[in-house]
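The notes below follow the order in which I looked things up.

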Amino acid sequence: MEKYIDLKNHNDYTKLQNAGNTIKNGGLVLFPTETVYGLGADGLNADAVRKIYEAKGRKQDNPLILHISEIEMLDRIATDITELEYKLMHAFWPGPFTIILNKKPIVPNNVTGGMNTVGVRMPSGTIARKLISYADTPIAAPSANVSGRPSGTNVKDIYEELHNKVDCIIDGGDCEYGLESTVVRVINNIPTILRPGKITPNDIEKIAGIVNIDKNVLNKIDINEKVLSPGMKYRHYAPKSKCVLVYSDSNNKLVNKIIEISKEYNNPLIISSTENKVKYNIKNIIDVGHNDNLMEIAKNIFTTLRKVDSYSPDLVIIEGVKEEGIGLAIMNRLIRACEYNYIKI
Ligand code: TXA
Ligand code: MG
């Protein structure tokens, strides 16, 4: 039986000592961060890291992020850090920001998918930070979900698929942001966004004066192409049901297109903004939040995607959002959930 530590309604963080020991002893711990839940193990112990890949059914070439609690931990795992990289870390840590750096030999090859770089993040979530401190080692942690499924943003959503694969579960309630961290690699002194998140292109540009967005953030990639971030090439976040993403800058056009598509199906499900849901005269609607509050939609999106299969829909029609600010991150996840089935009008 896995240990269960309930920190939803109180903050007796001393209980985390126990979970820290589980990590030290090579075990797997499910824990909350401010972005999504992580499936954590000692990032410097190759045997412990192997268990993460087994539990998730994750491809070996898809590298993991190392989570640190103090800037001192960085020296143990990364080298040749540039001034700009330090500047970005100081600006966005602790927080939902991952930076790809040159790794030191102590980092096992199965953390980095055989690459000579390592992704590093200092989370702001108190539980995550205390857990790393107690474990006294960088924690390797992918999002807590079986590979291909939407990331877990609360324990209830992922309990069934993961509880018998972990040694300890820390329940910290709902995650604050609900989308994974922004992943950045500095290339030729230009920060390049490999995966968008809460830290937006604009936020990065303010610090670095310049920012690039990798073309794979919104475009389909050829499976044979060499990509900068291996995670981008795999099927992701997808419900079992067929999904289509629809977006227009004109809200009227968007609603009309969705109504038109929905009429062609017997049991469609619409994932709608709060503002638009009264406009669709159909049985199956999930409200994902206000379209003038993208933080709310970001927070709800994964838990919403996890609900859709229970409607047995013959098509899931998802309202897109403007690809701006955190909207870029929402659209990056939704395009993958729909397997690039995207209508922009
Ligand atoms: O918010 C988050 O980042 C969450 C929480 C738990 O911290 N973690 C997370 O991990 O989303 P994961 O494994 O689901 O996604 C990590 C992404 C993958 O797309 C992976 O390919 C990329 O980061 N990545 C990790 N290390 C990399 C490296 N050395 N080079 C390029 N991409 C890397
Ligand atoms: Mg993931």
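I began with helix α4 (residues 83-92) and helix α7 (residues 201-208), which pack at about 125° with their axes 10 Å apart. Helices here are DSSP runs of H or I of at least four residues, numbered from the N terminus. I took axes as lines fitted to C-alpha atoms over the stretch in contact, with angles from 0 to 180 degrees between N-to-C directions. The pair α4 and α7 is therefore oblique; under 35 degrees counts as roughly parallel, over 145 as roughly antiparallel, 65 to 115 as roughly perpendicular, and the rest as oblique.

This is a predicted model, in which local features need pLDDT of at least 70 and side-chain atom pairs pLDDT 80 or more, while totals for chains, interfaces and linings use all residues. Residues are numbered from 1 along each chain as written, chains are lettered from A and ligands numbered from 1 in written order, and side-chain values use heavy atoms, without hydrogens or water.

Next I listed the contacts (heavy atoms within 4.5 Å). From α4, Leu84, Lys87, Leu88, Ala91 and Phe92 meet Asp203, Ile204, Ile207 and Ala208 of α7. By class I get seven nonpolar, no polar and two charged residues for this contact of α4 with α7.

I then looked at Asp203, which lies in α7. Asp203 is partly exposed at 24% relative accessibility; buried means under 20%, exposed over 50%, and partly exposed in between, with a 1.4 Å probe and protein chains only. Beyond its neighbours within four places in sequence, Asp203 contacts Phe92 and Lys198.

The second pair I checked was helix α9 (residues 294-307) with helix α10 (residues 327-337), whose axes come within 10 Å and cross at roughly 20°. I therefore noted α9 and α10 as roughly parallel. On the α9 side the contact residues are Leu294, Ile297, Ala298, Ile301, Phe302 and Leu305, and on the α10 side Gly327, Ile330, Arg333, Leu334 and Ala337. The contact of α9 with α10 has nine nonpolar, one polar and one charged residues.

Last, I searched for disulfides (cysteine sulfur pairs within 2.5 Å) and found zero. The sulfur of Cys243 has its closest cysteine sulfur in Cys338, 4.9 Å away, which is too far for a bond. Cys243 is buried at 3% relative accessible area, and Cys338 is buried at 4%.

Terms used:
Helix = DSSP H or I, 4+ residues; strand = E, 2+ residues; numbered from the N terminus. Nonpolar A, V, L, I, M, F, W, Y, C, P; charged D, E, K, R; others polar.
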